[in-house]
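Please examine the sequence and the structure before reading on.

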Amino acid sequence: CKMSKNVREVFRLDELKDDIRRNMVALLGNDPRSKRKFSYYNALAYSVRERLVDLWMRTQSDYYDSMAKRVYYLSMEFLPGRFLMNYLTNMGIVDECREIVAELGFSLEELEEEEWDAGLGNGGLGRLASCYLDSMVSQNIPGYGYGILYDYGIFYQSIVNGNQEERCDNWRRHGCPWEITRLDTLYEVKFYGRSETYYDSDGNVRFRWVDTENVMAMPCDILIPGYGCSHVSNMRLWTAQSSREFNLSDFNRGDYIGAMHGKVMSENITKVLYPNDQFLQGMELRLKQQYFLVSATFQDILRRYLKQHTSLAALPEAVAVQLNDTHPAIAIPELMRLLMDVYGMGWDVAWDICTRTFAYTNHTVLPEALETWPVDLLGRLLPRHMQIIYEINRRFLEGVAATFPGDTERLSRMSVIQEEGGQRVRMANLAIVGSHTVNGVAALHSNILQTGLFRDFHEYYPRKIRNVTNGVTPRRWLMQCNPALSRLITQSIGPEWCCNLEKLRELVPLAEDSAFRDAWARAKLENKRLLSRYVLRKVQMGINPNTLFDMQFKRMHEYKRQLLNVMHVISLFNRIKDNPSADITPRTVLFGGKAAPGYYQAKLIIRLINEVARVVNADADVAGRLRVAFLPNYCISQAEKVVPAADLSEQISTAGMEASGTGNMKFALNGALTIGTLDGANVEIMEEVGAENIFIFGLKAHEVAEKRRSGYNPREFYENDAELRRVMDMIGSGFFSPDERGLFSPVYDSLMHHGDYYMLMADYRPYMEAQAAVDALYLDQDQWVRKSILNAANMGKFSSDRSVMEYARGIWHVEPLGK
Ligand code: 26V
């Protein structure tokens, strides 16, 4: 493993304790005799960070000297969670640090708990971006994350009387020791105004964007240490600052307060993360955020590039830009504008540079999540970009028409401008046209892009749409979050697995070794005990670590079908009630996840989970055999406690709808068995672990599509399945809401009267059967633990190191930098 043996020296650990004390006083202005945990967490954080600055500078000058091609990962969301343990893990100084902190009178774990999560993302898409930064820098691929420093991240979820309530996530209220703010670097970002034509000295028509309102973008860097710390990179997050002369005309008119108002309003751009995922509302402020990220980032990219080049012609050889979904896709017309209007290039040269620079990753096929912007909104906010988009589209459609003469239907499907229902810009179409490569995030999903959503584009550009299956970083998602299992794995097969996850295969033969199985089961039980303590603290509920821990943690969405899981819970409840002496496998069913604040149905399902939990947990017949809880405020730091303690991982989306999933990978990597549909990356997980080591059930993606075409009748399942009928009637009739009988009618109706779009009724019986197989296997602990080991052992493919290398070789055309 590349961990330097001499970390004590490299990181001057002998001086760490003194540095902590020094920072307590000098930086934080605290009494050195104070015993406040928060002060010590901060002082430790600063003392750790300062040890990386040197390595960071050295890494950056390495990149500069070797003129390495840089990767820019543009994302409206990053979900890094907490930094402290990640820094210590990647620096290889966790144990050393624990000792030093103990000498100061604390446990490392209690200081860790002082840190507030950086929740600058909604879910999978943001967390993926953070895993990729870890894997890029750990593999010496010169890359940076670029995003937005939201004042308020993803809302804090509380549960009040069973309902979700949102509170603002003021995550930097007490400061953030990881930020390095660059007060002296400011870029101007323009909005509104108009595009003006003029003639240059050669008599060519040119455009300039004038009468704009300007906002300043200030960068804030957060260091990203690679594993082993041979390289340190950063993510650069932008924050909006009003420009000094904001609305000069208002000042000139003597309207001081009016002008100040505008100044203050302009800083709103980076105030808050939009908490809807998979659902677009066409808000002007959201489009402003997107352009703000893009404009500031490209000024930074070109500034860095032009330090080493005299012409922009070689940009694609020096710069690769990955668009994390369409959210930053306005970068395509922005780069065109810069190349033509600012650097004087002609269209064809600029377009060639552009399309060799960008690649786009699609993360969803749900129609309600595909971004489109009204032409009048985009044209008002970014008038010059709207002109450029029209011209991109005109030239593109000319090409399509030449290939498919007379096929006007195809033209209107492929057009960047959607005409029906008022003109709108289709950002996915723009991103496909302006990129050299488009990828889906799991094999099944990429296939659906090629044959479904982007079929026309796949016919027109046969090699453009490809697959890169997602991955997760084994540093945070095994080494850091699961010390018990990590220790056991390292003792058994050595430490190399954390940079080469395929090494976990060496655990396969150990699955047959009963002593190893016992040790594995002990590690798992230790994690389940820790989680039980956490659950007791958080929701005042005792759970039994010897029961099967059945977990579904993810954003709340109808397509993810938390409701199907609830239907199984209710069925188990009924079986116990009908036959109180029945021999059943004791289970603890845990849920967690946030619902978008405006997503009524998802919030109602949270309420249903809580009401079912109330009924189940209070029932004396059920005691000891079935417990249900919803853990509030699912976030990265909570995932780090939940994932290592899971026996069963619920990945039960309607086939064809979950692009990949990454929670599925984290759970299996930590030895959970999966119950799931053949959706997203579950398909590939099954291929890796073997069909006999996973519980697959339900309709396949093509069957869902066929059923939808041929007419699906959910009532048929209701009529033919008495157990299902009873569950539905209990939900519909108010069994779980005695004080408000109609409370859950919308849940009942969505399945019974509104077509059951996500096909829960069809998958209910197969799901029940798969769960019965789970119960049976769990009774045979030896077999269960064997399969648990085989799951972890076969997860090598799902390291984000593998994903990032596929991007590097196949899409970015960058090589790891030699040491
Ligand atoms: C859309 C929108 C619409 C505008 C408001 C804010 C917002 C935020 C996010 C999205 C798209 C979300 C797409 C997404 O999160 N996809 C997830 O990506 C994961 C990483 O590839 C993947 O594992 C999940 O299956 C997929 O749902």
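β5 and β6 form a hairpin with 2 residues between them, and N161 in the turn has a positive phi of about 50°. The two strands, β5 and β6, pair in the antiparallel sense over 5 bridges; two strands count as paired if DSSP finds at least two bridges between them. Y156 has R167 in β6 as its bridge partner. Strands (E, at least two residues) and helices (H or I, at least four residues) are DSSP runs, numbered from the N terminus.

The model is a predicted one, in which local features need pLDDT of at least 70 and side-chain atom pairs count only at pLDDT 80 or more, while totals for chains, interfaces and linings use all residues. Residue numbers start from 1 along each chain as its sequence is written.

Domain 2 gives 38 residues to the contact and domain 3 gives 29 residues; two residues are in contact if their C-beta atoms, placed from the backbone, lie within 7 Å. On the side of domain 2 that touches domain 3, at least two residues come from each of β2 (78-81), α7 (124-138), β5 (156-160), β6 (163-167) and α18 (443-453).

**The ligand**

Which domains supply residues to the shell around the ligand? Domain 2 and domain 3 each contribute at least three residues. The ligand is surrounded by 22 residues, of which the closest are G124, L125, H363, A659 and S660; a residue is near a molecule if its C-beta atom, placed from the backbone, lies within 6 Å of it. The shell has 7 nonpolar, 12 polar and 3 charged residues.

An open sheet of 6 strands has the order β22-β21-β20-β23-β24-β25, and its pairing is parallel. Its edge strands, β22 (626-630) and β25 (695-696), each pair on one side only. Strand β21 (residues 587-592) is joined to β22 by 5 bridges, and R587 stands opposite L626 in β22. Helix α23 (residues 562-578) packs on this sheet and touches β20 (548-553), β21, β22 and β23 (648-651); the direction of α23 makes about 150° with that of β22.

Another open sheet has 3 strands in the order β15-β17-β16, with antiparallel pairing. Here β15 (372-374) and β16 (417-418) are the edge strands. Between β16 and β17 (residues 424-426) there are 2 bridges, and Q418 stands opposite R424 in β17.

**A helix pair**

Two packed helices are described by the angle between their axes and the distance between the axes. Helix α24 (residues 600-618) and helix α31 (residues 745-752) pack at about 115°, with axes 9 Å apart. Axes are lines fitted to C-alpha atoms, for helices over the stretch in contact, and angles run from 0 to 180 degrees between N-to-C directions. Q601, L604, I605 and L608 in α24 meet P746, V747 and S750 in α31. This contact has 5 nonpolar, 2 polar and no charged residues.

Technical notes:
Nonpolar A, V, L, I, M, F, W, Y, C, P; charged D, E, K, R; others polar. Domains from an automatic or database assignment.
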